[in-house]
Each structure stands twice: as structure tokens, then as C-alpha cells.
Amino acid sequence: MTSRSPAVTRRSMLSPRATLTVRWLHPWTGVIIGIQIILWATSGLVMAARPLDEVWGTTLRQDAAALQMPAGLPALTGGEKLELGSLLSLSVVLTGPLFTIRHFWRR
């Protein structure tokens, strides 16, 4: 004689309403993620097909204009520091004038 095990019933850990919500949400989440992957792959193919100079943006670069000293400030020769208030200072380095802005976080 064989003994039969009692029927196993599966009980959901979610309420019936939550189960319906998850069942509705799951395919739409897959669609959204699928669209993102398709856009990512397409943009990668487009970037691979374009010349590297365009992708890197070297065709759009321009030389920066030289930074000029503002009028009315005393000439600094190097190693000196001019305090322009409590948060701004001006000094001269090898490449030209250097403005330093200090910011203090307050609680």
C-alpha cells in the first residue's frame, strides 16, 4: 500500500491585487528595458560608423582666448596674492592669472 502525500497548495506571498499589478507591470517593464537596449545598441552602431574626429568632437574644439587681467587691478609679477574680499583672491602662476574662489559651507 502506498501512502499519498496530501495535496500541496501553492500560496502566494502577495495579495490578489498585488499579484495582478505585478502581472500587468512585468511585461511593460520588459518593453521599456528592451527599448533602452535597442536605443543603446543603435547609438553605438551610429557612433562606430561616424569618423572618430566627429565622435570625439575635435572638429568642434576651438583654442581658448587668453585670459586678460581685469582693468583697474594692480599688476602682479608672481608669487604675490591679491585678496579681493573674503571669498576671492587673485595670484599669478606660470600660465597667467589665477582667480581662486573659496566657498565655505554653513550649517
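Read along the sequence, the protein chain of this predicted model follows the pattern α-α-β-β-β. It comprises 2 helices and 3 strands, where helices (H or I, at least four residues) and strands (E, at least two) are DSSP runs numbered from the N terminus. Residues are numbered from 1 along each chain as its sequence is written. Local features need pLDDT of at least 70, side-chain atom pairs count only at pLDDT 80 or more, totals for chains, interfaces and linings use all residues, and side-chain values use heavy atoms, with hydrogens and water left out.

The protein chain exposes about 10,600 Å², of which carbon and sulfur atoms supply 64%. Accessible areas come from the Shrake-Rupley method with a 1.4 Å probe, and for residues only the protein chains shown count as cover. Of the 107 residues, 7% count as buried; buried means under 20% relative accessible area, exposed over 50%, and partly exposed in between (1.4 Å probe, protein chains only). Among the contacts (heavy atoms within 4.5 Å) with a separation of 6 or more, residues 24 or more positions apart account for 6%.

Leu-14 lies in the segment before helix 1. With a relative accessible area of 43%, Leu-14 is partly exposed. When neighbours within four places in sequence are left aside, Leu-14 is in contact with Thr-19 and Val-22.

Helix 1 spans residues 16-49 and contains Val-31. Val-31 counts as partly exposed because its relative accessibility is 39%. Together with Trp-24, Leu-25, Trp-28, Ile-35 and Leu-39, Val-31 makes a nonpolar surface patch of about 660 Å². Patches are made of residues with over 30% relative accessible area and no salt bridge; like charges are joined within 9 Å, and nonpolar side chains (Val, Leu, Ile, Met, Phe, Trp, Tyr) within 5 Å.

A salt bridge is a side-chain nitrogen of Lys or Arg within 4 Å of a carboxyl oxygen of Asp or Glu. By this rule the count comes to 1 salt bridge. The side chains of Arg-50 and Glu-54 meet in a salt bridge, at 2.5 Å from N to O. Arg-50 is partly exposed, at a relative accessible area of 43%, and Glu-54 is also partly exposed, at 38%.
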